[in-house]
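Thank you for passing this one along.

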Amino acid sequence: MAGILDLLNSDLGKQIVSGVAGSTGNDSNKTNSVLTMALPVLMKAMERNASSPEGAQGLQRALETKHDGSILDNLGSLFGGGVDESVKQDGAGILGHILGGKQQGVEKVISQKSGLDAGSVANILKVAAPILMGVLGKQKKEQNVSDSSGLGGLLGGMLGGNDTKNEQSFLEKILDADGDGSIVDDVAGMVLGGSNKKSGGLGGLLGGLFGK
């Protein structure tokens, strides 16, 4: 199964990046940087939430009803006249649900690393969150996932199930950010330190994109 960062490098991913950049008024390269950092973090947060029976049930329900993947069928119209306010509100709700009190800390870390202000990062994430849920919903349907262990496997697979401990701890560190900026250097080292890796793991992809 393709990982979430493979998706960003695909034609669909390029369409998502340019659409999100256009609709939030940000540079495409910086938007790509934000999404490259943010999407694995959001997936990791979802994986954490889905590790409890209630969390898994809630995510299952959301993917079966509102976020079944249909958003991906018409990205042209989604981005065409500017993203609808209801999509952004939906995105804000998703972010609040999966990141909770960590949201500002996560946005701050990504802002400092990408060079965009935290407000722009927040806007990008609001538009990206419903699309990410749509990607998950589509994968869930294609793989016929119907229980919580299948859901955990789906999330783990899209995160790249064979991630090294370093890459996992990179995601955990961002998620445990309390907004004081103290972990930014660790995160930067993790991101840039991965650039020599040939494994194609999460660190390698992040490092390759930021090490250019």
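1. H3 passes H9 in a left-handed crossing, where left-handed means that the near helix is turned anticlockwise from the far one by less than a right angle, and right-handed that it is turned clockwise. Helices are DSSP runs of H or I with at least four residues, strands are runs of E with at least two, and both are numbered from the N terminus.

2. Please read everything here as a predicted model, in which local features need pLDDT of at least 70, side-chain atom pairs count only at pLDDT 80 or more, and totals for chains, interfaces and linings use all residues. Residues are numbered from 1 along each chain as its sequence is written, and side-chain values use heavy atoms, with hydrogens and water left out.

3. H3 packs against H9 (residues 148–159) at an angle of about 155°, and their axes lie 10 Å apart; the axes are lines fitted to C-alpha atoms over the stretch in contact, and angles run from 0 to 180 degrees between N-to-C directions. The two helices are therefore roughly antiparallel to each other, given that angles under 35 degrees count as roughly parallel, over 145 as roughly antiparallel, 65 to 115 as roughly perpendicular and the rest as oblique. On the H3 side, Pro 40, Met 43, Lys 44, Met 46 and Glu 47 meet Gly 152, Leu 155, Gly 156, Met 158 and Leu 159 of H9.

4. H3 (residues 28–49) also packs against H8 (residues 118–142), here at an angle of about 55° with the axes 10 Å apart, which makes H3 oblique to H8. This crossing is right-handed, and its contact (heavy atoms within 4.5 Å) involves residues including Thr 31, Val 34 and Met 46 of H3 and Val 121, Ala 128 and Leu 136 of H8.

5. Helix H6 (residues 85–99) has 15 residues and reaches 21 Å from its first C-alpha to its last, close to the 21 Å expected at 1.5 Å a residue. Its buried residues (under 20% relative accessible area with a 1.4 Å probe and protein chains only, against over 50% for exposed and partly exposed in between) are Val 87, Asp 90, Gly 91, Ile 94, Leu 95, Ile 98 and Leu 99. Seen down the axis of H6, they fall within an arc of 135°, so they line one face of the helix, the arc being that of directions from the helix axis to the C-beta atoms. The face turned away from this buried side carries the exposed residues Gln 89 and His 97.

6. For the chain as a whole, there are twelve helices and zero strands, and 49% of the 212 residues count as buried.

Notes. The expected span of a helix is 1.5 Å times one less than its number of residues.
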